[in-house]
Amino acid sequence: MSSNPLETLSKKHEFLVAIDSDGCAFDSMEIKHKECFIPTFIKHMGLQAVSKYAREACEFVNLYSKDRGANRFPAYLKALDFLAERPEVKSRGAKIPALQGIRDWVKRESKLGTKTIIPEAEKTGDPDLQLGAKWSQDVDDTVKAIVHGVPPFPLLRESLDKALPQADIIVCSATPTGALQKEWEEHDIAKYVGAICGQEVGSKKEILAAAIAKGWKAENIVMIGDAPGDKAAALANYCRYYPINPGSEERSWERFYNEALARFFAGTYAGAYEHELIAEFDAYLPEVPPWKIVKT
Ligand SMILES: [Mg+2]
């Protein structure tokens with residue numbers, strides 16, 4: 001079995017549309033983080049005493065900041081950092097795990113997922129990695145149990161339909177590939193895509209680089225995403241980026257369907273038009289959490 005779905009993908013068109021899944025194709029960010037990632041994180045990391053602040057930090061990083069959509073390991077480590085420096089947490093004497101073992105692993109591994117942390121935890125016997133592996137597996141199990149019936153955003157399906165005669169389409173996501181397959185099949189939209197590439201395939205940046213290596217020209221690839229990491233992956237590969245603005249997803253898909261897709265095919269997407277969309281997107285998500293902003 002090939003672990004990389006890009007290897008079996010054949011290029012049929014000059015254009016490639018790469019789509020992020022959570023928060024971009026599906027309105028699934030809130031349910032996944034609030035009902036699945038965060039409760040299991042509080043449980044496994046022993047954050048019960050400061051659960052209110054833990055939840056706030058995790059929601060900020062993963063949903064409402066420039067780190068939205070980042071891989072679970074670096075993103076939740078960052079939430080822990082925010083948590084550890086809060087005065088309310090310090091005054092409660094809560095012990096925030098350092099998780100140095102996971103921090104080191106995040107630096108040396110690019111395929112950050114349940115399927116890579118489990119063997120690494122077994123191989124090294126590192127207690128942090130063992131904890132991270134348990135949490136990550138629990139997240140996947142909880143997502144499987146809870147996240148059902150979350151439909152794609154309006155006009156996603158219509159946009160894929162419209163793109164299909166001129167473009168190959170792939171899913172480019174930091175979610176486990178198995179969960180992506182389930183979600184795209186549940187809503188009968190897997191049929192539009194040539195490959196579903198999740199966290200086991202690599203980072204979003206690596207997935208786009210692999211597509212370029214397969215023969216699509218960078219300027220003929222558009223990455224559609226709802227997070228700064230999606231933009232960064234596209235720009236690092238000199239691909240186009242189309243933003244789905246968090247909180248204005250419907251309007252973003254409307255614009256893609258009615259305007260941006262045709263421009264992409266016509267070669268008039270890059271330049272002033274794309275810059276304007278990216279500038280608008282950049283203003284959507286803050287870097288500094290609200291509790292760190294001093295009210296005057
Ligand atoms: Mg996303």
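The chain of this predicted model is assigned two domains. Domain 1 covers residues 5–28 + 152–282. Domain 2 covers residues 29–146. The C-alpha centres of domain 1 and domain 2 lie 27 Å apart. Domain 1 contributes 19 residues to the contact, and domain 2 contributes 16 residues. On the side of domain 1 that touches domain 2, the largest share comes from helix α11 (residues 228–236). That share amounts to three residues. By residue class, this side of domain 1 divides into six nonpolar, seven polar and six charged residues.

The largest nonpolar core holds 80 residues. Within this core, Val17, Ala18, Ile170, Leu208 and Met223 touch the most other members. Helix α3 (residues 72–84) supplies the largest share of the core, with seven residues. Both domains take part: at least three residues of the core come from each of domain 1 and domain 2. The surroundings of Ile170 can be listed in detail. With residues up to four places away in sequence left out, Ile170 touches Leu16, Ala18, Val193, Gly194, Ala195, Cys197 and Ala211.

Strand β4 spans residues 221–225. The strand is mostly covered, with five of its five residues buried. Burial extends to both faces of β4. One side carries Ile221, Met223 and Gly225, and the other carries Val222 and Ile224.

Strand β4 pairs with two strands, β1 and β5. Strand β1 (residues 15–19) runs parallel to β4, and four bridges join them. In this pairing, Ile19 stands opposite Ile224 of β4. Strand β5 (residues 240–243) also pairs with β4 in the parallel sense, again over four bridges. Here Tyr241 of β5 is the bridge partner of Met223.

Together, β4, α11 and β5 make a right-handed β-α-β unit. Helix α11 of this unit is also the element that gives the side of domain 1 touching domain 2 its largest share of residues.

Conventions: Residues are numbered from 1 along each chain as its sequence is written. This is a predicted model: local features need pLDDT of at least 70, side-chain atom pairs count only at pLDDT 80 or more; totals for chains, interfaces and linings use all residues. Domain bounds come from an automatic or database domain assignment. Two residues are in contact if their C-beta atoms, placed from the backbone, lie within 7 Å. Ala, Val, Leu, Ile, Met, Phe, Trp, Tyr, Cys and Pro count as nonpolar, Asp, Glu, Lys and Arg as charged, and the others, Gly among them, as polar. A nonpolar core is a set of buried Ala, Val, Leu, Ile, Met, Phe, Trp, Tyr and Cys residues joined through C-beta atoms within 7 Å. A residue is buried if 20 or more other C-beta atoms lie within 10 Å of its own, exposed if 12 or fewer, and partly exposed in between; C-beta atoms are placed from the backbone. Two strands pair if DSSP finds at least two bridges between them. A crossover is right-handed if, with the strands pointing away from the viewer, the path from the first strand over the helix to the second runs clockwise.
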